[in-house]
Every structure is written in C-alpha cells, then in structure tokens.
Amino acid sequence: MTSTNYAYLSNYAIYSAMVLYTIAFFAHSIEVAFSVRSDEVKTKFDFARTDRAGRIGSAMIFLAFIFIFIGVIFRGISAHRVPWGNMYEFSITGALAFTGSYLVALWKYKLRWLGLPVSIAVLLTLGTAITVLYRPSAPLVPALKSTWLAIHVSAAIASGGVFLLANCIAATYLILDSYESKGLPRPNWAKQLPSLESLDQLSYRLVAFVFPLWTFAVIAGAIWAESAWGRYWGWDPKETWAFITWVAYAAYLHARVTVGWRGRKAAWLCLFAGSTFLFNYIYVNIWGTGRHTYSGL
Amino acid sequence: MSTPQLSNFALLRWAWRQLTSMRTALLLLLLLGFAAIPGSLFPQRTQNPMKVTEYFTNNPGLAKWLDRLRLFDVYSSPWFSAIYLLLFISLIGCVLPRTIEHLKAIGAKPPLTPKFLDRMEYPTSVEVPKDQALDLAEKYLRSKRFRIRRDAESISAEKGYSRETGNLLFHLSLILILVGVGIGSLFGSKGEAIVSVGDRFINTPTSYDNLAFGKFQSEGSLIPFALTVTDFKATYDIKTNAPSDYKLSVLAANPIGAKEVAKVIKVNSPLTYGNTKIYLQANGYSPLVTVRDKSGKVTFQGGTVFLPQDGNLTSSGAIKLPDMKPQIGFVASFVPTYDRSNKRGAFSAFPEVLDPRLLVSVWTGNLGLDSGRPQSVYRVDTSNMTRIGLAQLALHQTYKFSEGSITFEGWKPWVNLQIVDDPGKMYALFGAIFAILGLLLSLFTRQRRIWVKVSDRVEIAGLAKNAAPGLAKEISDLKIKLEGK
Ligand code: HEM
C-alpha cells in the first residue's frame with residue numbers, strides 16, 4: 001500500500017469511530033433518560049433494558065477505541081513517523097488517550113455514567129480535528145525527529161487524558177455536593193451516579209495513578225530537551241507550566257495523604273491542578289512563545 | 001554558657017525544626033511553583049533578550065520596576081534562588097533523619113498490639129477456638145507476607161513498609177536532582193559560535209561569539225578539540241517550506257592535532273566528548289561579495305554572516321569597510337529564492353537557494369566604529385552617514401557607485417553551534433529515574449496493620465495508613481480463614 005492509501009484509511013477509521021461514538025451517544029442517552037425515570041414513574045423500559053442500552057454504549061466506545069487506534073497508527077505509517085506532528089494529530093491521539101482512560105476506568109470502577117459526557121467530548125474533539133485542524137500528512141521538522149517524540153508526547157497526552165477525566169469527576173462531585181449541602185435531593189440525571197465518597201475517592205485514585213506517568217513525561221521531555229536544545233531544563237514556558245502542574249498535583253496528593261483533605265477542598269484543588277494543565281495546552285500552543293512552538297531548527 | 005546564648009541556640013533549634021518539617025518542604029515546593037509563574041509571563045533575558053529590550057522600549061517606566069524585582073531574570077533572581085536553597089536545606093533536614101529512622105525500623109518488629117481493638121478500623125470478633133486462633137492467624141498472615149510480632153495473647157502484623165522506602169527514595173532523589181542542577185551551573189559552561197562551511201572552530205574562549213562559565217569553571221577546562229565544517233545540507237518540504245532535515249558534516253580532532261575523524265551532527269544527535277556536547281542550533285547564509293575602490297583595487301572579498309528574518313531565510317546583515325576612504329557601509333539583504341510583492345518588496349519564497357538576490361544600500365561617512373560604543377556586526381549605524389546608492393544584484397552582477405563597486409559572487413551556509421559542558425546532568429538524570437521509582441513504590445503500596453487478640457473472646461481489627469482501600473476485605477478474608485468457612 002502507498003502512503004496515500006494509508007492516509008485515506010486513517011481518515012476512514014476516524015470517520016468510522018465518529019459513527020460508533022454517535023451510536024454510543026444515543027445508547028447512553030437512552031440509558032440515562034429511562035433508567036432514571038424508572039425510579040419514580042413506570043415506563044415500558046425496565047432496568048434490564050436500559051442496562052442493555054448502556055452495555056451497547058460501552059461496546060460501541062470500545063470499538064471506536066480500536067478504530068481511533070487504527071486511525072492514529074495508519075496516520076503514522078502514511079507519514080513514516082509517529083503521528084504527533086501537528087494539532088490534528090495531537091487531537092486524534094488525545095481522543096484516543098481520553099477514550100482509553102475512560103475504558104480502563106470503566107473496567108476497574110463502575111464508571112458507565114460517564115459514558116454520555118465522554119461520548120460528547122470525544123465527538124466534539126474528533127469533529128473539530130477533522131474539520132478545522134485537518135492537515136495532510138507531511139514530514140516532521142528536524143527538532144521533532146527523535147524517538148523521544150513517541151515517548152514524551154504519548155506520556156504527556158495519556159496523563160492529560162486521565163487528568164481531565166479526574167477533573168470531570170471532581171466537577172461532578174462539586175455539583176452534587178452543592179445539592180447535598182443544601183439538603184436538596186439529587187437532580188434526575190444524577191440519580192444513578194455513585195455516592196459522593198466514591199466520586200471523591202475515584203478522582204484521587206486516577207490522579208495517584210497517573211502522577212508517576214506525568215512525572216515521567218516531564219522527565220522524558222527533559223532528556224529530549226538535552227539532546228535537541230542543549231539543556232535539560234531552561235524554564236521555557238511549556239516547561240515552567242509543566243513544572244507548575246507537577247507541583248499542583250504533588251500538593252493535591254500531599255494534601256490528601258499527609259494533611260487528610262477530602263471532599264470539597266480536595267475537589268477544588270484537583271480542578272485547580274487540572275486547569276494548570278489546560279492552561280499550558282491552550283496558552284503555550286495558541287499564544288505560543290518558547291521552543292514548544294516548533295518553528296524550525 | 002550565658003543565658004542569651006542559650007536562648008539563641010534554642011531559637012536556632014526551633015528555626016531548624018520548623019524549616020525541616022515536611023510541611024515546610026511542601027510549602028516551599030508550592031512557593032517555587034508560584035515563583036516560577038512570572039517567568040512564563042514576562043520575557044526572560046536568558047531566553048529572549050530581544051523581547052526584553054522590546055519591553056523596555058514599549059513600557060520604559062514599568063520595565064524599570066519589573067527589572068528591579070528581577071522579573072526579567074526570574075530563575076536567577078535572589079528570591080527564586082532563596083526559595084530553591086531553602087527547599088534544598090529543608091529537604092535534607094527532613095529526609096536524612098527519617099531515612100536513618102526507617103533503616104532502623106526495617107529490622108524491627110511491628111509495634112505492640114493496642115489495648116482496645118474496638119477503637120481501630122473494622123473491629124470484629126471471630127468464632128474460633130482460642131488456643132488455635134493465634135497459630136492460624138500467624139500462618140495466614142505470614143503467607144500474605146505480613147511482618148509479625150507474636151506476643152502471648154496477641155499478634156501485631158504489618159505490611160507495606162516499602163511505602164516509606166519509596167517516599168524517602170523519592171525525596172532523596174529530589175535532592176540528587178538539585179545537586180545535579182547545582183553542579184551543572186557552578187562547574188559547567190555554555191557558549192555559541194557561528195561557523196561557516198569551510199571554516200575551522202577551535203575550542204578556546206576567543207573562538208566563541210558568547211560564552212558563559214559557571215562560578216567554579218576555569219577557562220582552561222574547555223576540552224581541546226577542533227572542528228572543520230566540511231558540509232551543511234538543509235532539506236525542505238516542497239509543499240510546506242518547513243525544514244525536514246539538517247545535516248552538518250565536520251572533521252573533528254580531539255585533542256587538536258590528533259587524527260581528524262569525519263562526524264555528522266544533527267538536531268537531535270549532538271557530537272559528544274565526555275560531558276561536552278556540540279549541538280547544531282541554527283543556520284543561515286553568508287553572501288560572498290567583492291568590493292573594489294574607485295581605482296579597481298579589491299578592498300574586501302569574502303563572506304559575511306547575515307541573520308535570517310523569517311522561515312524562508314530572507315536574511316539581513318551589514319558589510320562594513322572602515323579602511324576605505326571615505327568609510328563605506330552596506331546595509332544588505334540576502335534573498336535565497338527571489339520573489340516580490342508590492343507590500344513587502346523583495347522577499348524569499350523558499351529557504352533553499354534557488355534564485356538568489358543581494359539587495360544593498362550603500363552608505364558613506366562615519367561608521368562610528370571608534371566611538372567606543374559596542375556595535376552590532378549585523379547593523380550599520382547610519383546616523384552619521386549618507387546614502388549614495390541602492391541596488392538589487394543577481395548572481396555575478398556588479399553594482400558601481402561613486403566610491404567604487406560591489407560584486408555578488410555567491411553564498412555559503414553557516415551554522416550556529418552551541419557547545420555545552422554540563423558535568424551535573426548525570427546526577428540529575430539518576431535523580432529523576434530514582435524519583436519515579438520512589439513515587440511508584442510509595443503511591444502503589446498500601447501500608448496497613450492487622451491485629452489479632454485473644455482475651456475472653458478472639459478479636460481482630462486493622463488500621464490502614466492514609467485510609468488506603470482494601471483493608472475491609474483483608475480483615476474479612478482473615479475472619480473467614482480463622483472461622484474455617
Ligand atoms: C524539559 C523539557 C520539556 C518539558 C517539561 C515539556 C513539557 C511538555 C508538556 C507539559 C506537554 C503536554 C502537552 C501540553 O500541555 O501542551 C508537552 C507536549 C509536547 N512536547 Fe514537550 N516538554 C519538554 C521538552 C520537549 C522537547 C525537547 C520537544 C521536542 C523538540 C517536545 C515536544 C513536545 C511535543 C511535540 C508535544 C505535544 C504537542 C503539544 O501538546 O504541544 N517537548 N511537553
């Protein structure tokens with residue numbers, strides 16, 4: 001097969017993943033809409049049926065994961081390099097990481113209630129990627145030609161995916177907590193969600209799980225910087241904010257473990273740390289200064 | 001010892017205790033995070049001196065104050081260094097005693113069983129004959145690799161010591177990283193040199209365009225190598241104009257006079273001699289010209305380094321002839337692949353040399369080179385000069401002006417080499433690797449204790465450090481085991 005064929009196949013795989021995600025989106029909508037109502041009102045749907053809808057949703061997301069995976073791999077083959085050379089490629093890989101971390105969390109903890117927001121987020125990401133950010137497959141600038149691209153960026157993107165998932169959960173915690181602290185019942189859509197304690201614990205588990213990976217991503221970046229730029233740390237804006245994110249999550253972990261923060265305070269700190277990551281992604285990539293803008297040699 | 005001295009000593013001890021608590025270390029780390037922020041918001045001298053100058057011209061008043069607060073050199077400012085040093089001391093003071101304690105604890109038995117198990121987590125009583133309870137429990141807990149303290153009436157078991165091992169390893173590694181950074185900045189050096197194809201670079205301080213030594217690094221410690229640049233090849237993507245490969249070929253001799261060896265330097269693969277690495281950092285063009293005076297005598301022949309202005313390597317520079325009478329200066333641009341638009345005038349459409357032009361404006365008067373003020377070699381100070389000509393030259397064309405002529409003979413590429421000697425980086429690297437190992441160990445081991453106590457009944461209970469999950473199951477497993485169900 002030629003490079004162009006691979007590039008086309010990659011695009012088809014991404015389109016297919018979007019179709020699968022759309023089905024997952026509907027399945028999860030059905031699940032949320034009807035299983036909640038069955039609490040109070042009698043409907044034709046009983047729990048077993050909505051459970052099936054949820055399962056279909058999960059299966060579709062799993063298939064979509066495989067398709068995005070193929071899409072990312074074929075993109076790489078078509079360009080003869082790892083597929084992380086421009087924003088389109090970061091986005092599809094980001095979608096892959098986000099889906100992957102959702103699936104792992106789904107398998108380890110019962111997280112199916114996140115299926116709907118995850119489908120929406122991934123559909124939006126892939127949608128903008130393929131319409132706005134799409135670039136034909138092209139070679140990399142010299143600074144990016146390194147095996148460290150694969151190592152550093154995959155670690156950074158994967159940890160980003162999990163941090164964002166933890167942020168979703170912390171935000172859910174805060175919303176539900178505001179109901180509970182006012183003594184109000186949970187809103188309908190949230191009837192099926194886990195208890196506040198398990199949300200709290202879950203976001204902590206996720207962060208504790210990826211913090212070492214994030215540390216690794218930063219260190220891999222430093223090792224790469226040493227071979228590409230002649231210093232392993234230079235307080236470039238991206239490096240600075242990676243450090244700040246690292247410190248913020250370290251503070252979060254310490255606040256929980258050594259000081260015993262739980263619940264609302266911990267959730268806010270988690271959101272803060274996650275937003276330093278987002279800030280890094282947005283600020284440095286869009287108002288790019290520093291060397292992470294890959295303007296050539 | 002007199003009283004005031006004693007209280008001074010007590011004060012010192014108090015201060016030391018405060019500084020070396022884990023809480024202070026954590027606060028200092030947070031503070032370091034916050035202190036790093038301004039460096040990403042204001043331009044930094046070490047990264048982008050031009051932007052700093054620009055900031056000064058745009059906001060002179062504000063810039064003066066920001067500069068007093070060292071906000072343009074955040075990472076070398078006294079306040080940033082102070083946080084860094086305090087953190088360093090705090091970490092040492094915190095971690096070393098804990099390490100010693102932990103080493104002692106490794107051989108020791110778990111602590112005594114507490115008096116009242118019902119104050120612990122998951123207390124429950126078990127239906128099991130009293131005389132068998134402890135034997136059964138010990139056998140089971142040992143098989144689960146708990147450490148056991150067996151007393152007459154009770155068992156105290158503990159698991160997950162490696163949590164503290166990991167924790168300490170992590171913090172010790174942070175110290176190692178800081179040591180590595182320190183060694184690098186005190187004993188290292190870093191410099192840059194522009195070298196044209198065909199030229200030879202000898203690693204002595206005078207060969208550099210700029211060179212910074214660490215406080216304890218001496219000039220004599222530069223390793224004695226020499227490089228001759230034999231070729232530089234840049235490849236560009238035709239669709240996007242983006243560079244796809246840079247390849248620098250050199251003949252290297254280390255030490256000088258040794259047999260020369262052919263080497264290739266690329267962006268991600270520097271040339272390495274011990275702790276010294278030679279990086280390919282930037283590239284550009286030097287146009288070659290011949291300048292003659294009115295009589296036709298050659299007054300200058302050769303290349304001049306021009307600085308790239310955009311991704312397509314439109315380059316600008318200055319050719320200065322202080323020895324001609326009157327003095328002549330050329331303000332010039334080199335365009336590797338010529339194109340022009342009404343808005344921009346002549347510019348380059350592709351970074352490779354396909355259709356080159358040299359644009360010159362000729363100035364005569366006083367170049368101001370002996371005014372004592374340092375001058376950029378890329379710019380002509382035209383304040384005391386008048387313009388006497390303007391031309392656009394294709395290859396091999398000559399432009400005649402009233403004082404002489406200039407001929408565009410060709411071009412050659414130059415590269416900017418960055419030469420860095422960092423003797424501390426291996427420490428930092430090992431620190432980083434151990435830090436990750438320590439983190440993994442401490443985040444993924446759960447430390448917990450389980451007690452079995454025989455009194456009028458058989459009780460069990462546990463305690464998980466940091467509310468780690470899974471203890472409930474372990475207790476109920478033990479209970480099932482003991483009850484033989
Ligand atoms: C100390 C050194 C480095 C640090 C701390 C660092 C930090 C980061 C961080 C935090 C990200 C996550 C994505 C984001 O927030 O935007 C990232 C992504 C990335 N890094 Fe680095 N990096 C370092 C060195 C390097 C080097 C040397 C290169 C290549 C020459 C590089 C290339 C990339 C690329 C291609 C991405 C993904 C694209 C992006 O999201 O902008 N990094 N890096």
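B:Pro255 is found in the loop between strand E8 (243-253) and strand E9 (261-265) of chain B, where helices (H or I, at least four residues) and strands (E, at least two) are DSSP runs, numbered from the N terminus. The peptide bond from B:Asn254 to B:Pro255 is cis, with omega near -5 degrees. The model is a predicted one, in which local features need pLDDT of at least 70 and side-chain atom pairs count only at pLDDT 80 or more, whereas totals for chains, interfaces and linings use all residues. Residues are numbered from 1 along each chain as its sequence is written, chains are lettered from A and ligands numbered from 1 in the order in which they are written, and side-chain values use heavy atoms, with hydrogens and water left out.

A cis peptide bond also joins B:Lys325 and B:Pro326, with omega of about -5 degrees. B:Pro326 lies in the loop that links strand E14 (315-321) and strand E15 (327-335) of chain B. In general, most peptide bonds are trans, and most residues other than glycine have a negative phi. B:Arg70, which is not a glycine, has a phi of about 60 degrees. B:Arg70 is placed in the loop between helix H4 (60-68) and helix H5 (78-107) of chain B, and it is partly exposed, with a relative accessible area of 30%. On this scale buried means under 20% relative accessible area, exposed over 50%, and partly exposed in between (1.4 Å probe, protein chains only). For B:Tyr122 phi is near 50 degrees, again a positive value in a residue other than glycine. B:Tyr122 belongs to strand E1 (residues 121-126) of chain B and counts as partly exposed at 42% relative accessibility.

Helix H6 (residues 130-143) has 14 residues and reaches 21 Å from its first C-alpha to its last, close to the expected 20 Å; the expected span is 1.5 Å times one less than the number of residues. The buried residues of this helix are B:Ala133, B:Leu134, B:Ala137, B:Glu138, B:Tyr140 and B:Leu141. An α-helix has 3.6 residues a turn, so residues three or four places apart point the same way. The cover over the buried residues of H6 includes strands E2 (147-150), E3 (154-159), E22 (448-454) and E23 (458-464), together with helix H9 (471-483), of chain B.

Within helix H5 of chain B lies B:Cys94, which counts as buried at 6% relative accessibility. Neighbours within four places in sequence aside, B:Cys94 is in contact with B:Thr20, B:Ser21 and B:Met22, contact meaning heavy atoms within 4.5 Å. B:Cys94 and B:Phe201 are 107 residues apart in sequence and 49 Å apart in space, C-alpha to C-alpha.

Chain A contains 8 helices and 0 strands. Of its 297 residues, 55% count as buried. Among contacts in chain A with a separation of 6 or more, 78% are between residues 24 or more positions apart. One buried residue is A:Asn167, with a relative accessible area of 11%, located in helix H5 (residues 147-181) of chain A. Apart from neighbours within four places in sequence, A:Asn167 is in contact with A:Tyr249, A:Cys270, A:Leu271, A:Gly274 and A:Ser275.

Between the two chains, 52 residues of chain B are in contact with 48 residues of chain A. The area buried between them is about 3900 Å², of which carbon and sulfur atoms give 68%; buried area is the accessible area (1.4 Å probe) that two parts lose on being put together, summed over both. B:Ser40, B:Asn268 and B:Leu443 supply 15% of the area that chain B buries against chain A, more than any other three residues. The count of salt bridges between the chains is 2, a salt bridge being a side-chain nitrogen of Lys or Arg within 4 Å of a carboxyl oxygen of Asp or Glu. In one salt bridge, the side chains of B:Lys425 and A:Glu226 meet at 2.9 Å, N to O. Elements that give two or more residues to the side of chain B that touches chain A include helix H2 (22-41), helix H7 (162-187) and helix H8 (425-444) of chain B.
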